[in-house]
Amino acid sequence: MNETTTPTDEVLTLEELAAYLKVSETTAYTLVRGGEIPGRKVGREWRFLKARVTHWLMQAGTEEGMEKTGFVQRDDLGGEFKQEGGQEYVALWLPITREEKAAQIEKATREGVNVSELVADYLRTWAKA
């Protein structure tokens, strides 16, 4: 850090971000790619203001932080939901095995249709049974 740089101006690379957060570079990159950590791509590399990363860490668990980053929360009934972009999304445990899910994804890819539509059809059939 030079004489004119303050700690709040400090810029981190992806490697430095991972070290600062004490996580692997893969985990840091996953958080960055998911839009959870504020950063900016400069050329082909990511850069992060340490002050913004610190602010992001301090928001974890607060309503404001959960709204901005789409953290999964629990409602009064124990159900899971998240708020993102002004929308509320409710988690739903599907009565489907991982193998059945993989088959649905494969079918959607093969037929060129939306996976959500296939899962909805699957649930309608399941509900009638």
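This is a predicted model: local features need pLDDT of at least 70, side-chain atom pairs count only at pLDDT 80 or more; totals for chains, interfaces and linings use all residues.
1. Core membership. The largest nonpolar core holds 13 residues. L14, L17, L21, V32, I37, F48 and V53 touch the most other members. Helix 1 (14–21), helix 2 (25–33), strand 3 (45–49) and helix 3 (50–59) each give two or more residues to this core. Helix 1 contributes the largest share, four residues. As general background, nonpolar side chains in soluble globular proteins tend to be buried together.

2. Contacts of F48. Neighbours within four places in sequence are set aside here. F48 is then in contact with E10, V11, L12, T13, L14, L17, V32, I37, P38, G39 and V53. Among these partners, L14, L17, V32, I37 and V53 are also listed with F48 as residues touching the most other core members.

3. The largest pocket. Its volume is about 160 Å³. The lining consists of W93, L94, I96, T97, R98, K101, I105, V115 and V119. By class, six of these residues are nonpolar, one is polar and two are charged.

4. Helices at the pocket. Helix 5 (98–111) and helix 6 (115–128) each supply at least two lining residues. Helix 5 gives the most, with three.

5. Q104. Leaving out residues up to four places away in sequence, Q104 touches I96, L118, V119 and Y122. Of these, I96 and V119 also line the largest pocket.

Definitions and conventions: Residues are numbered from 1 along each chain as its sequence is written. Side-chain values use heavy atoms; hydrogens and water are left out. On a 1 Å grid over the protein atoms alone, a cavity is a set of points where a 1.4 Å probe fits but cannot get out, and a pocket is an open set with protein on both sides within 12 Å along at least five of seven lines; lining residues have an atom within 4 Å of a point. Grid points are joined across faces, edges and corners, and a volume is the space filled by probe spheres set on the points. Ala, Val, Leu, Ile, Met, Phe, Trp, Tyr, Cys and Pro count as nonpolar, Asp, Glu, Lys and Arg as charged, and the others, Gly among them, as polar. A nonpolar core is a set of buried Ala, Val, Leu, Ile, Met, Phe, Trp, Tyr and Cys residues joined through side-chain atoms within 4.5 Å. Buried means under 20% relative accessible area, exposed over 50%, partly exposed in between (1.4 Å probe, protein chains only). Contact means heavy atoms within 4.5 Å.
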